[in-house]
Protein chains: 2
Amino acid sequence: LASRTVTEQSPKLTFDELREALRQVGEERYHHRHPFHLLMHEGKLSRGQLQAWALNRYYYQSIIPIKDAIILSRSTDSAFRRAWRKRIVDHDGTDKAGDQQRNGGILRWIKLAEATGLDRERVERADGILPATRFIGNEYLNLVRTRPFTECVASSLTELFSHDLIALRMEKLRQHYPWLASGLDYFEARLTEAPEDAAFAIQYVFEHATTRAEQEGTIQALRDKCDILWAQLDALYFAYIEPGWPPPGAFRIADGAHEQAGRG
Amino acid sequence: LASRTVTEQSPKLTFDELREALRQVGEERYHHRHPFHLLMHEGKLSRGQLQAWALNRYYYQSIIPIKDAIILSRSTDSAFRRAWRKRIVDHDGTDKAGDQQRNGGILRWIKLAEATGLDRERVERADGILPATRFIGNEYLNLVRTRPFTECVASSLTELFSHDLIALRMEKLRQHYPWLASGLDYFEARLTEAPEDAAFAIQYVFEHATTRAEQEGTIQALRDKCDILWAQLDALYFAYIEPGWPPPGAFRIADGAHEQAGRG
């Protein structure tokens with residue numbers, strides 16, 4: 001369906017064909033298949049390993065509104081910008097009083113990191129994250145700065161797959177690591193935010209990628225985005241599971257936090 | 001010596017102090033200490049693992065002239081540009097007839113990759129490199145696009161350390177993998193190029209980083225550059241040594257190329 005060698009004569013994919021091609025990318029490359037997540041869902045991670053995950057993934061969370069602001073800055077369409085800015089609000093929250101606890105995805109992620117036992121200020125400074133986490137995350141910013149606009153929008157389409165992963169994860173985290181339960185608001189919110197965002201983005205991509213070649217570009221952008229998520233987990237696995245070698249200067253798991261933390 | 005918390009009153013480092021601070025960064029973070037290189041130098045890599053290294057490192061080689069062109073593009077000093085452009089010539093070579101074999105660092109690296117048994121066209125397409133190799137390498141381009149100019153120049157100062165690593169590597173490769181001997185021209189050339197380049201760059205950094213804070217920035221830039229090199233080897237180690245899990249779509253070691261290839 002989504003062969004990489006298309007000619008100018010290749011017919012444009014229908015909406016259903018495009019969606020299927022994107023779904024297939026997710027099946028092959030989305031990080032729901034990554035060994036780090038498999039261990040997490042089996043309850044086999046230590047508290048320290050969950051800390052390393054929460055700390056490093058914080059960096060990724062922290063650049064998402066920057067990524068979305070770059071996309072906003074490249075759109076000349078006010079209607080698009082009105083729709084897309086929701087993402088920035090979802091992540092950065094508002095200053096409304098009384099809504100502190102659920103005030104934006106970044107704060108909710110910090111709450112998760114705190115539930116693992118990490119110090120909030122340390123997380124906010126991204127102190128001790130793997131250099132690879134920063135480098136690989138920054139590639140997402142490179143992508144939305146330099147690629148065709150439909151590809152930038154398409155790179156968000158991992159949200160097509162995130163609902164199922166998050167639903168599974170919440171179940172498994174509650175089951176295996178009940179001491180984390182107070183930190184799961186981030187995922188709860190994403191259960192509804194992500195599908196809304198994905199529905200808008202896939203419609204936009206279908207309407208604005210006007211040739212088959214452009215469509216293939218959007219499919220490739222989703223592959224690249226999946227590779228970014230995957231590579232971040234590779235780096236975590238290497239540093240904190242096997243062989244378990246964090247690079248010079250990175251977060252090290254404390255002596256007391258090495259035991260398997262699941263009860264599954 | 002090179003504390004990260006300096007005040008405006010902190011005295012500027014002397015040339016020798018600056019060089020010592022940079023040398024110390026290399027001692028702690030340069031990739032001569034990385035387990036991938038240690039295995040290589042002990043003759044414990046398979047032919048397939050050496051192929052994975054040559055293929056992935058090719059991507060890094062291929063962006064070095066782009067990195068140097070970005071630095072050139074940011075300099076308003078013609079004398080600086082005249083000195084710095086040597087690096088691009090060294091890497092991209094010239095069109096002079098009769099000089100084909102030693103025609104630039106990129107071609108010499110391809111020769112090394114061919115000596116491991118890789119197909120030249122595959123290498124030139126960077127076909128099957130780890131996504132992480134691309135993402136982490138691209139961070140070097142981000143660095144020279146966005147950081148203060150003295151930091152961009154300082155990020156090249158891993159060349160202060162490369163001579164010793166390359167001299168050791170040539171000895172060990174000849175000893176353990178004699179079938180690679182025809183591919184070592186790249187390293188031979190770097191033995192003289194790198195120290196010349198480093199001498200210019202450290203002098204430039206000392207003369208143009210005019211405050212202690214600016215000097216600390218250049219030391220940090222060298223740390224960041226070391227982290228880039230280190231993270232690339234982490235990704236290689238994870239994919240091809242332990243646990244040995246290349247990500248979806250990446251180069252896989254052929255069945256016949258798994259045996260340890262050293263004879264040491």
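Reader: Let's start with Ala69(A): is this residue buried, exposed or partly exposed?

Author: A residue counts as buried under 20% relative accessible area and as exposed over 50%, with partly exposed in between. Ala69(A) has 36% relative accessibility, so it counts as partly exposed. Do keep in mind that this is a predicted model.

Reader: Where in chain A is Ala69(A) found?

Author: Look along helix H3 of chain A, residues 47-74, and you will find Ala69(A) there. If you also pick out Ala221(A), 152 residues apart from Ala69(A) along the chain, the two C-alpha atoms are separated by 18 Å.

Reader: Now the salt bridges, please. How many does a search of the whole structure find?

Author: The idea is to look for a side-chain nitrogen of Lys or Arg within 4 Å of a carboxyl oxygen of Asp or Glu. Over all chains, that search gives 39 salt bridges. One of them pairs Arg33(A) with Glu27(A), with 3.4 Å between the closest N and O atoms. Arg33(A) is partly exposed at 42% relative accessibility, and Glu27(A) is partly exposed too, at 39%.

Reader: Which residue forms a salt bridge with Asp90(A), and how far apart are the closest N and O atoms?

Author: The partner is Lys86(A), and the closest N and O atoms are 2.8 Å apart. Both residues belong to helix H4 of chain A (residues 78-92), where they sit four residues apart, about one turn of the helix. Asp90(A) has a relative accessible area of 16%, so it counts as buried, whereas Lys86(A), at 26%, is partly exposed.

Reader: And which pair links distant parts of the chain in chain B?

Author: Arg147(B) lies in the loop between helix H7 (131-146) and helix H8 (149-154), while Asp224(B) is in helix H11 (residues 212-240), and the two are 77 residues apart. Arg147(B) is partly exposed at 22% relative accessibility, and Asp224(B) is buried at 16%. Back in chain A, salt bridges that share partners join Arg87(A), Arg108(A), Glu159(A), Arg190(A) and Glu193(A) into one network.

Reader: Let's turn to the interface. What is the area buried between chain A and chain B?

Author: Interface size is often expressed as the accessible area lost when the parts come together. Here about 2,100 Å² is buried between chain A and chain B, and carbon and sulfur atoms give 70% of that area. On the chain A side, Phe135(A), Phe238(A) and Pro248(A) lose the most area to chain B, together 30% of what that side buries. In terms of contacts, 24 residues of chain A meet 24 residues of chain B.

Reader: How many salt bridges and polar contacts does the rule find across it?

Author: Zero salt bridges, and three residue pairs in polar contact, both residues being at pLDDT 80 or more. Helices H1 (15-29), H7 (131-146) and H11 (212-240) of chain A each supply at least two residues of the side that touches chain B. H11(A) gives the most, with eight residues. By class, that side of chain A has 14 nonpolar, three polar and seven charged residues.

Reader: Which rotation superposes chain A on chain B?

Author: To read symmetry, check the rotation and the shift along its axis. A rotation of 180 degrees with 0.0 Å of shift superposes chain A on chain B, with an RMSD of 0.0 Å. The two copies are therefore related as by a two-fold rotation axis. Both copies use the same surface, as 100% of the contact residues of chain A recur in chain B.

Terms used:
Residues are numbered from 1 along each chain as its sequence is written. Chains are lettered from A and ligands numbered from 1 in the order in which they are written. Side-chain values use heavy atoms; hydrogens and water are left out. Contact means heavy atoms within 4.5 Å. Buried area is the accessible area (1.4 Å probe) that two parts lose on being put together, summed over both. A polar contact is a pair of N or O atoms within 3.5 Å; within protein, one must be able to donate a hydrogen and the other to accept it, and residues adjacent in sequence count only if both atoms are side-chain atoms. Ala, Val, Leu, Ile, Met, Phe, Trp, Tyr, Cys and Pro count as nonpolar, Asp, Glu, Lys and Arg as charged, and the others, Gly among them, as polar. Buried means under 20% relative accessible area, exposed over 50%, partly exposed in between (1.4 Å probe, protein chains only). Copies are superposed by least squares on the C-alpha atoms of residues with pLDDT of at least 70 in both.
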